[in-house]
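This briefing concerns a protein model with its ligand. Please consult the sequence and structure shown below while reading the points that follow.

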Amino acid sequence: MRLIFIGPPGVGKGTQAKMLTEKHRLPHIATGDILRNAVRQQTPIGLQAKAHMDRGDLVPDKIVVDIVEERLRDADCRDGFALDGFPRTIEQANALEQVLKRMAIGVDHVVCFTTPRQVLIDRISGRRACGSCGSNYHVVNLPPKREGFCDRCGSALIQRKDDTAATVADRLDVYDRQTAPLVRYYRERSLLREIDADGDPREIFRKLEETVWRRS
Ligand code: AMP
């Protein structure tokens, strides 16, 4: 199964993608995670990406497309994968189409998650992550047992630099301007499956599985 997940920041697509890929043993390719790792390790790509990410802007297409192409050629992606957070522009979608064509494969579904803007803002500004193992929390919806510390490894929880209120508004604008046009792009290719993501994550997951597997 080859999947693409799109949706605005905070819609919960990362959580859903993680649940689906763990359950069905698919590689989960989240460009945001790959880039944050590169920034942490101060690799050449990380150094180029950092300023864009801190502002809430997109990293240049060429950098992200190269990362994705290299990852898709890994052996574990042969039987399927879930791309989470890529493509995010029409240019990236066109580049992906070319990459997949060269690999003689296609995408099965493009899942697009939607939710009202205020819900997104509340979700993102309450988000916290473990600085050490990467586990995710939310101050209201998914609080850790001990405030400020990870249940799994005990390290301190941090707020992503780009999850602050000011940057969140910018990221949502970037989404509307640059990523939302992909909805039409994939609808025209009959690949788009829309899922209302305002509700209980388990119920959304049930809808996701039904959508993806029923249609295959
Ligand atoms: P995410 O974790 O998906 O919200 O991504 C965090 C940040 O990483 C974004 O705000 C962008 O700066 C960068 N990023 C992630 N994926 C992409 C992409 N496909 N194209 C450009 N920038 C990206």
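**Overall architecture and ligand site**

The protein chain has an accessible surface of about 11,600 Å², of which 50% belongs to carbon and sulfur atoms; such areas come from the Shrake-Rupley method with a 1.4 Å probe, and for residues only the protein chains shown count as cover. This is a predicted model, in which local features need pLDDT of at least 70 and side-chain atom pairs count only at pLDDT 80 or more, while totals for chains, interfaces and linings use all residues. Residues are numbered from 1 along each chain as its sequence is written, and side-chain values use heavy atoms, leaving out hydrogens and water.

**Chain**

- The C-alpha atoms of the protein chain fill a box of roughly 50 × 40 × 35 Å along the principal axes.
- Of the 216 residues in the protein chain, 43% count as buried, that is, under 20% relative accessible area (1.4 Å probe, protein chains only).

**Ligand surroundings**

- The ligand is surrounded by 16 residues, each with a heavy atom within 4 Å of it; the closest are Thr31, Arg36, Asp57, Gly85 and Gln92.

**Ligand nitrogen distances**

- A ligand nitrogen atom is 2.8 Å from an N or O atom in the side chain of Thr31.
- A nitrogen atom of the ligand also lies 3.0 Å from a polar backbone atom of Val59.
- For Arg88, an N or O atom of the side chain is 3.0 Å from a nitrogen atom of the ligand.
- The protein covers 95% of the 480 Å² of accessible area that the ligand has on its own.

How values were computed
A polar contact is a pair of N or O atoms within 3.5 Å; within protein, one must be able to donate a hydrogen and the other to accept it, and residues adjacent in sequence count only if both atoms are side-chain atoms. Buried means under 20% relative accessible area, exposed over 50%, partly exposed in between (1.4 Å probe, protein chains only).
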